[in-house]
Amino acid sequence: MRHVEGRPQVVAHRGSSHDNPEHTLGAYIAALDQGAEGLECDVRLTADGHLVCVHDRRVDRVSTGRGVVSTMELAQLDELDFASWKNPWVDLDDEAPELDDQTRRVLTLERLIQAARDYDQTVDLAIETKHPTRYAGLVERRLVDLLETVGWAGADSPARIMSFSPVALTRIKKLAPDLEVVLLIDRQYSWQMATSMLGPGWIAGPGIDLLRENPRLGSRLRKRDRRIHVWTVNTVADLDLCAALGVEAVITDNPAMALDHFGGP
Ligand code: G3P
Ligand code: CA
């Protein structure tokens with residue numbers, strides 16, 4: 001992981017999704033342009049075995065299509081428009097530019113890795129597996145295969161894997177013991193319970209709501225030598241809380257705002 005001295009690493013949540021359509025190449029390039037040090041993405045497996053960056057189980061909210069990602073093939077997803085639902089220019093007087101196919105197109109993890117590499121060799125990728133039960137286990141295998149193919153499964157990999165599922169992370173660690181993993185923790189577990197589920201060396205990934213309600217969680221995790229990555233941190237007050245608690249990374253929809261608050265990239 002790329003360490004940033006004196007403040008948390010700034011990771012763009014679904015790209016710079018505050019003002020761009022989430023998970024599109026345009027949202028990630030905007031995040032890189034703004035100086036983000038990490039890119040967060042959710043991955044799901046298509047029916048024909050491709051890892052695509054889509055948050056929801058269905059494509060309905062973010063595309064011109066309807067359907068469940070895991071039952072669709074990449075070619076079907078490729079026909080849809082994943083950008084127009086949130087056109088960053090709609091509030092401006094300027095005429096909206098035509099979105100090109102590259103911007104509208106569903107983003108595969110492979111394309112995202114290629115784009116990140118082409119742009120900046122040092123940017124981190126924080127990849128969240130959404131592990132549909134339909135393909136339980138397969139998504140983790142495909143993910144590790146892909147990272148091995150690009151040479152990103154070793155100890156110095158710029159990729160780390162995140163999940164709400166300790167089972168999914170255990171599978172990842174079996175397949176690629178050197179990969180860093182982050183257990184995402186939300187209110188479904190008490191934080192005591194969640195911390196007890198953390199495997200050796202795993203990074204703790206509490207939601208900001210949980211941390212705000214239990215700031216002592218930060219110091220307790222520290223005492224146990226846990227690194228902490230927090231999501232989704234979108235206000236300066238929450239950025240300050242994370243910095244004060246010494247967290248290593250904040251995941252934000254608005255990397256430009258976060259970097260500006262921290263005094264620049
Ligand atoms: O970075 C973790 C965060 O993204 C988890 O929540 O729903 O945005 O995937 P969600
Ligand atoms: Ca996510």
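## Around ligand 1

The shell around ligand 1 holds 4 nonpolar, 3 polar and 3 charged residues. Ala, Val, Leu, Ile, Met, Phe, Trp, Tyr, Cys and Pro count as nonpolar; Asp, Glu, Lys and Arg count as charged; the others, Gly among them, count as polar. The shell residues are His-13, Glu-40, Asp-42, His-55, Glu-128, Met-162, Leu-184, Trp-231, Thr-232 and Ile-251. A residue is near a molecule if its C-beta atom, placed from the backbone, lies within 6 Å of it.

This is a predicted model: local features need pLDDT of at least 70, side-chain atom pairs count only at pLDDT 80 or more, and totals for chains, interfaces and linings use all residues. Residues are numbered from 1 along each chain as its sequence is written, while chains are lettered from A and ligands numbered from 1 in the order in which they are written.

## The nonpolar core

The largest nonpolar core has 74 residues. Such a core is a set of buried Ala, Val, Leu, Ile, Met, Phe, Trp, Tyr and Cys residues joined through C-beta atoms within 7 Å. Buried means 20 or more other C-beta atoms within 10 Å of the residue's own; exposed means 12 or fewer. Helix α1 (residues 25-34) gives the largest share of this core, 6 residues. Helices are DSSP runs (H or I, at least four residues), numbered from the N terminus.

Leu-109 is among the residues with the most contacts inside the core.

## Helix α9

Helix α9 spans residues 216-223, and Leu-217, Gly-218 and Leu-221 are buried in it. They cover an arc of only 105° around the axis, so they lie on the same side of α9. The arc is taken from the directions from the helix axis to the C-beta atoms. Exposed Arg-216, Ser-219 and Lys-223 sit on the face turned away from the buried side.

Technical notes. Helix = DSSP H or I, 4+ residues; strand = E, 2+ residues; numbered from the N terminus.
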